[in-house]
Structure formats: structure tokens, C-alpha cells
Amino acid sequence: RQLTAKLYNANEMTTTNLAYPLRYRVESVLWNMAAAGNKYIEKDDVVHVLGAKLRSVNRILRDLIDESLIECDEGTVKVLSLEKLGTDLKRQEISK
């Protein structure tokens, strides 16, 4: 059972990684964590969940900061507006 669950999750992650750009996946992780009540999100947690390179995630986080969607301080991310982040996610889904 555990092996089957791990294989299924790995398959789902691979499908998601191929289907969506990294920016969408970063925003999705941030939105899900913030919606679950996490006011402050560790950057390392985002990198770990995505299995992405820290450098790539940092580049996207800088873009999100420039767009006033998030704030970063010492490895911690704070979503400024869950609504705006959700709107940006929907916009990316439509343009896909």
C-alpha cells in the first residue's frame, strides 16, 4: 500500500511538473499554505514541496515581491493578499 501511494504521488507530481510552469506551482503552494492558515511560510518548505532549485524559486519570489503579492524576510514568505494571488493563479490557468 505504501509503495503504491508513493508511486501514485510521484506520478501526480511529475504530471504537474510537466503541465504547469514553475511560477504557477510556486503560487499554488503559497496559496494553499496561506489558505490553510499559515501566515508565514518558510522558503525552504516551498523549495522542498516543489523539488525545485532554490535559485529558481528565488527568482519567482522576487517577481511576486515586485508585483506586491508577497513579502520576504530572512527566508520567510508572507502572502499579502490571498485574493490577489488566487486571481493571478486563475489568470495563468486561463492563459494556459
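I take a residue as buried when its relative accessible area is under 20%, and as exposed when that value is over 50%. The model I consulted is predicted.

**Entry: helix H2**

I looked up the length of helix H2, which covers residues 22-35. At 1.5 Å a residue, its 14 residues should span 20 Å, and I found the end C-alpha atoms 20 Å apart, which agrees.

I then asked which residues of H2 are buried. The list comprises Leu 22, Arg 23, Tyr 24, Arg 25, Val 26, Glu 27, Val 29, Leu 30, Met 33 and Ala 34. Because 10 of the 14 residues of H2 are buried, I recorded the helix as largely enclosed by the rest of the structure. Just after H2, I noted that Gly 37 has a positive phi of about 105°.

**Entry: H2 against H4**

I next examined H2 together with helix H4, residues 54-66. Their axes come within 10 Å and cross at roughly 75°. That angle makes H2 roughly perpendicular to H4. From H2, the residues in contact are Leu 22, Arg 23, Val 26, Glu 27 and Leu 30. From H4, I listed Ser 56, Val 57, Ile 60, Leu 61, Asp 63 and Leu 64. Sorted by class, this contact holds seven nonpolar, one polar and three charged residues.

**Entry: Asp 73**

I located Asp 73 in strand S2, residues 70-73.

Notes: Residues are numbered from 1 along each chain as its sequence is written. This is a predicted model: local features need pLDDT of at least 70, side-chain atom pairs count only at pLDDT 80 or more; totals for chains, interfaces and linings use all residues. Side-chain values use heavy atoms; hydrogens and water are left out. Helices (H or I, at least four residues) and strands (E, at least two) are DSSP runs, numbered from the N terminus. The expected span of a helix is 1.5 Å times one less than its number of residues. Buried means under 20% relative accessible area, exposed over 50%, partly exposed in between (1.4 Å probe, protein chains only). Axes are lines fitted to C-alpha atoms, for helices over the stretch in contact, and angles run from 0 to 180 degrees between N-to-C directions. Angles under 35 degrees count as roughly parallel, over 145 as roughly antiparallel, 65 to 115 as roughly perpendicular and the rest as oblique. Contact means heavy atoms within 4.5 Å. Ala, Val, Leu, Ile, Met, Phe, Trp, Tyr, Cys and Pro count as nonpolar, Asp, Glu, Lys and Arg as charged, and the others, Gly among them, as polar.
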